[in-house]
Amino acid sequence: MELDADCFDCYYQTGNYETDLYSGTSGLVMKRLHALMEAPFSSRNRFPLTVEVGAGSGGHIRHVRHEYDRYIMTDI
């Protein structure tokens, strides 16, 4: 099944991703952990290599904030 790119954009931009990911008690803990892990990085960061594990069809690449020289996506 191929997913439409607009489907991904809509899912992330409307906040559905955060709602699904951060619901319940474990979701609150995950939200805080993600904020702590991402705090040192911004769109001004540049990495020579970025590897996305579990990339599926590559829907996340448009939402990557940092710059990169090489982006590798992998999935089963």
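## Salt bridges and a nonpolar patch

Arginine 46 and glutamate 67 bring their side chains together in a salt bridge, 2.6 Å from N to O (a side-chain nitrogen of Lys or Arg within 4 Å of a carboxyl oxygen of Asp or Glu). Arginine 46 sits in strand E1 (residues 46-53) and glutamate 67 in strand E2 (residues 67-74), so this pair ties together parts 21 residues apart in sequence. Helices (H or I, at least four residues) and strands (E, at least two) are DSSP runs, numbered from the N terminus.

A word on the basis: this is a predicted model, where local features need pLDDT of at least 70, side-chain atom pairs count only at pLDDT 80 or more, and totals for chains, interfaces and linings use all residues. Residues are numbered from 1 along each chain as its sequence is written, and side-chain values use heavy atoms, leaving out hydrogens and water.

The whole structure has two salt bridges. In the other entry, arginine 46 meets aspartate 69, again with 2.6 Å from N to O. Aspartate 69 is in strand E2 and arginine 46 in strand E1, so the pair links parts 23 residues apart in sequence. Through shared partners, Arg46, Glu67 and Asp69 form one network.

Here is how open the residues are (buried: under 20% relative accessible area; exposed: over 50%; partly exposed: in between; 1.4 Å probe, protein chains only):

| Residue | Relative accessible area | Class |
|---|---|---|
| Arginine 46 | 45% | partly exposed |
| Glutamate 67 | 41% | partly exposed |
| Aspartate 69 | 52% | exposed |
| Leucine 36 | 48% | partly exposed |

Leucine 36 belongs to helix H3 (residues 24-38). Together with Val29, Leu33 and Met37, Leu36 makes a nonpolar surface patch of about 390 Å². Patches take residues with over 30% relative accessible area and no salt bridge, joining like charges within 9 Å and nonpolar side chains (Val, Leu, Ile, Met, Phe, Trp, Tyr) within 5 Å.

Methods:
Areas by Shrake-Rupley, 256 points an atom, 1.4 Å probe, with all protein chains shown as cover.
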